[in-house]
Amino acid sequence: MNDYCYGIAYATGHIAKEKETQFLVVRNSDPWCVKCISNATGYEMYKSGYHEKNGMTTQWIVKARNIHDLRPLCEIQ
């Protein structure tokens, strides 16, 4: 992952926990930012159905579960 993608992850992403699994969630109204993370991690991006259903600005989301391969991100507590 290049430095620009890391910047997107740090600026618009957060680390979430589900049971014993951690993953990086990046959500943005600009699909380019989310696509950058999607391409770097291999996980598919998708639209938020909630936002579209309620007439809000479309949000794009990617949930990357391979954050342990992204060394600097997995050190965040």
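**Reading the fold**

Tutor: Start at β4. Four of its five residues are buried, so the strand is mostly covered, with buried meaning under 20% relative accessible area. Keep in mind that this is a predicted model.

Student: Which strands are joined to β4, and by how many bridges?

Tutor: Look for bridges, then for direction. Strand β2, residues 21-28, is joined to β4 by five bridges, and the two run antiparallel. Strand β3, residues 45-47, is joined to β4 by three bridges, also antiparallel.

Student: Which residue of β4 is the bridge partner of valine 26?

Tutor: Valine 62 is that partner. Valine 62 in β4 also has methionine 45 opposite it.

Student: Is glutamine 59 buried or exposed?

Tutor: Check the relative accessibility against the cut-off. Glutamine 59 has 16% relative accessibility. Buried means under 20%, so glutamine 59 counts as buried.

Student: What is glutamine 59 in contact with, leaving aside neighbours within four places in sequence?

Tutor: Its contacts are Arg27, Asn28, Ser29, Tyr46, Lys47, Ser48 and His51.

Student: On to the helices. At what angle do α1 and α2 pack?

Tutor: Read the angle together with the distance between axes. Helix α1 (residues 3-12) and helix α2 (residues 31-41) pack at about 115°, and their axes are 9 Å apart. The two helices are therefore roughly perpendicular to each other. The crossing of α1 past α2 is left-handed.

Student: Which residues make that contact?

Tutor: From α1, Tyr4, Cys5, Ile8 and Ala9. From α2, Trp32, Cys33, Cys36 and Ile37. By class, the contact residues are eight nonpolar, no polar and no charged.

Student: Let us step back. How many helices and strands are there in the chain?

Tutor: Four helices and four strands. Read the order from the N terminus: α-β-β-α-β-α-β-α.

Student: What percentage of the chain's residues count as buried?

Tutor: Of its 77 residues, 35% count as buried.

Student: And what do the contacts say about separation in sequence?

Tutor: Take contacts between residues at least 6 apart in sequence. Of these, 52% join residues at least 24 apart.

Notes: Residues numbered from 1 in each chain as written. Predicted model: local features only at pLDDT ≥ 70, side-chain atom pairs only at ≥ 80, totals over all residues. Heavy atoms only, no water. Buried < 20%, exposed > 50% of the residue type's maximum accessible area, 1.4 Å probe, protein only. Contact = heavy atoms within 4.5 Å. Pairing = 2+ DSSP bridges. Axes fitted to C-alpha atoms, helices over the stretch in contact; angles between N-to-C directions. Parallel < 35°, antiparallel > 145°, perpendicular 65-115°, else oblique. Left-handed = near helix turned anticlockwise from the far one by under 90°. Nonpolar A, V, L, I, M, F, W, Y, C, P; charged D, E, K, R; others polar.
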